[in-house]
Amino acid sequence: MRPGTPLYLIGFMACGKTTLGEALTSRMPGHRFVDLDEAVEAMAHKTIPEIFEHDGEAAFRALESEALRKFSEPGAIIACGGGTPCQGGNMDFMLATGTVVWLVADDDVTIRRLRLARGQRPLVDKLLDDSDALRQQIAALKAKREAHYSRAHLTFDSNRLEDEEQIADSVEKFMLMVKGWHNADKRK
């Protein structure tokens, strides 16, 4: 992470942004974790499913962009929503102001995690019991978002975030990756 700048964790829903972000914050004194979805809910005084249902996706995306800019401060570790990088210049903003890391999880891992978080993902919740339709929706959304995600400074495999041991191991690997990238960037 570039000193004095935010760290943005991006990627598809259920890829582990919140899990990894919280774990990183506990290992990095002086850093603050921000779950962008929680920030949006606090700003709107509604849950994300309620925002989608009552106000629509466009209203949610506007709040999401506002929250991103509001909480992007030095030392922030921000778990972005899956669609955050795809909206309103958000990816350009993140690339210019901090370090952006794309977390990638396999589809089987994603599906299992989505099913565990039933009721929290308006774009896929209705498909959780139809594996074929769910896989098709995931593939379509990933294909649509990949051009944005692939612009990240770094990519990290987030499949191993299932228990405390895996999380600790992933945090170590993540921190070494970012440190190595930062050191290489300084040598340029």
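This is a predicted model: local features need pLDDT of at least 70, side-chain atom pairs count only at pLDDT 80 or more; totals for chains, interfaces and linings use all residues.
Me: Which residue stands opposite Phe156 in β5?
Reply: Strand β5 covers residues 154-157. Strand β4, residues 99-104, runs parallel to β5 and is joined to it by four bridges. Opposite Phe156 stands Leu103.

Me: Which residues form the covered face of strand β5?
Reply: The uncovered face of β5 holds Thr155 and Asp157. Phe156 has a relative accessible area of 7% and is buried. The covered face is made of Leu154 and Phe156.

Me: How many aromatic pairs does the count come to?
Reply: Rings pair if their centres lie within 6.5 Å. By this rule the count comes to three.

Me: Are the planes of Trp102 and Tyr149 stacked, edge-to-face or tilted?
Reply: Planes under 30 degrees apart count as stacked and those over 60 as edge-to-face, with the rest tilted. The ring centres of Trp102 and Tyr149 are 5.7 Å apart. Their planes stand at 45°, so the pair is tilted.

Me: How many residues apart in sequence are the parts that Trp102 and Tyr149 tie together?
Reply: Both Trp102 and Tyr149 are buried. Trp102 belongs to strand β4 and Tyr149 to helix α7, so their pair ties together parts whose separation in sequence is 47 residues.

Me: Why is the pair of Phe156 and Phe174 edge-to-face?
Reply: The edge-to-face class needs planes over 60 degrees apart. The centres of the Phe156 and Phe174 rings are 5.2 Å apart. The pair is edge-to-face because the planes are at 80°.

Me: In which helix does Phe174 lie?
Reply: Phe174 is buried, with a relative accessible area of 2%. Its partner Phe156 lies in strand β5, so the pair ties together parts 18 residues apart in sequence. The helix that holds Phe174 spans residues 164-187 and is α8.

Me: Is Ala139 buried, partly exposed or exposed?
Reply: Ala139 has its place in helix α7, residues 131-149. Buried means under 20% relative accessible area and exposed over 50%. The relative accessible area of Ala139 is 42%, so Ala139 is partly exposed.

Me: How far apart in space are Ala139 and Asp107, C-alpha to C-alpha?
Reply: Ala139 is in helix α7. Ala139 and Asp107 are 32 residues apart in sequence. In space, their C-alpha to C-alpha distance is 8.6 Å.

Me: Over the ring of which residue does the charged end of Lys142 sit?
Reply: A charge must be within 6 Å of the ring centre to count. The charged end of Lys142 is 5.6 Å from the centre of its ring. That ring belongs to Phe12.

Notes
Residues are numbered from 1 along each chain as its sequence is written. Side-chain values use heavy atoms; hydrogens and water are left out. Buried means under 20% relative accessible area, exposed over 50%, partly exposed in between (1.4 Å probe, protein chains only). Helices (H or I, at least four residues) and strands (E, at least two) are DSSP runs, numbered from the N terminus. Two strands pair if DSSP finds at least two bridges between them. Rings of Phe, Tyr and Trp (its six-membered ring) pair if their centres lie within 6.5 Å; planes under 30 degrees apart count as stacked, over 60 as edge-to-face and the rest as tilted. A charge sits over a ring if NZ of Lys or CZ of Arg is within 6 Å of the ring centre and within 35 degrees of the ring normal.
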